[in-house]
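I opened a notebook page for this structure. The entries below follow the order in which I looked things up.

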Amino acid sequence: MTASARHVSIIEVGPRDGLQSEPEILPTPVKIEFIRRAIDAGLRRLEVTSFVHPKRVPQMADAEEVIRGLPQRDDVTYIGLVLNRKGFERAQATGIHEIGMAVVASDTYNQRNQGVPTAESVKAWLDIAKAAKAAGIRANVMISSAFGCPYEGEVPLSRVLALVDQVMEGDPVELGLADSIGVGVPDQVTEMIEAVRARAPGVPIRCHFHNTRNTGLANAQAAVAAGVASLDASIGGIGGCPFAPAATGNIPTDDLLYMLDRSGVVTGVSLPKIIETSQWLQAQLGRGTPALLPKAGIFPQVAEQFRAAAAS
Ligand code: MG
């Protein structure tokens, strides 16, 4: 396989998974500006909000307003996260292009996150997938905490594969595997992707990594090597709540893009523009973010005194 033949689509999840875990609530126009800048940098699929109860996630209470304010472009797909039928109906009313639904691989976490056991969320997904298809809305599904659960610990691969069988009945446009709490390691990523692909051949696979234990980028690299279609990332690596030491953000779009660019993986996204947006975002949040590229800069330029030597 030649490096130049590889393409990966980066799904920007900063406006949703990032901002929903930050303590600040950014004003709606700032969120819209964030999304506009991400599009300008070349991102074409963006998870822009979630349609969940505003009491549970006050950061996303302006979902409808955000969607209303977004630029309409044929080449951009906006994704809204939904966790139940009510959320889907709200999303549908906005005219959103795509919805994403999550089912958690462990019952305890599904219960805490969504208020019902996993089987109920699977049922809801199948119902939503059918309604979405009828309405001409793309629908993807993500298996959350597939690499480990904060309450139940190890999640057996057999459990993930059984869930794959169940959610595939909804014919998703994409099947996601999420390491929601950042416990996965590269070999586990490789093994899971190979097993999932054998179980559900043909469906594009998306991976969602968090950098909680500093394995996020290594996991992303393993996923690329295993041939995933898309990777979630958040500009600046936002999503880590500074008041909860165990909560850490998504893998930074900035750092992921550096790795992919230098590896010859084509994404269509401009790293200088991502860094610019990352710095802009820091100013909006009033503090630093976890991404390293905005601090280190892109690959060093040849210093003046070495230029002649390099040219000869
Ligand atoms: Mg997440």
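I began with Ser234: a polar atom of its side chain lies 2.9 Å from the backbone oxygen of Ile238. I count a polar contact as a pair of N or O atoms within 3.5 Å; within protein, one must be able to donate a hydrogen and the other to accept it, and residues adjacent in sequence count only if both atoms are side-chain atoms.

The model is predicted: local features need pLDDT of at least 70, side-chain atom pairs count only at pLDDT 80 or more, and totals for chains, interfaces and linings use all residues. Residues are numbered from 1 along each chain as its sequence is written, and side-chain values use heavy atoms, with hydrogens and water left out.

I placed Ser234 in the loop between strand S8 (230–233) and helix H10 (253–262). Helices (H or I, at least four residues) and strands (E, at least two) are DSSP runs, numbered from the N terminus. Ser234 is buried, with a relative accessible area of 0%; buried means under 20%, exposed over 50%, partly exposed in between (1.4 Å probe, protein chains only).

Next I looked up the magnesium ion, which Asp17 (OD), His208 (NE2) and His210 (NE2) coordinate at 2.0 to 2.3 Å. Donors are N, O and S atoms within 2.8 Å of the metal (3.2 Å for Na, K and Ca); water is not among the atoms, so sites may look incomplete. Asp17 is in helix H1 (residues 14–20) and His210 in the loop between strand S7 (205–209) and helix H9 (216–225), so the pair ties together parts 193 residues apart in sequence. I noted both Asp17 and His210 as buried.
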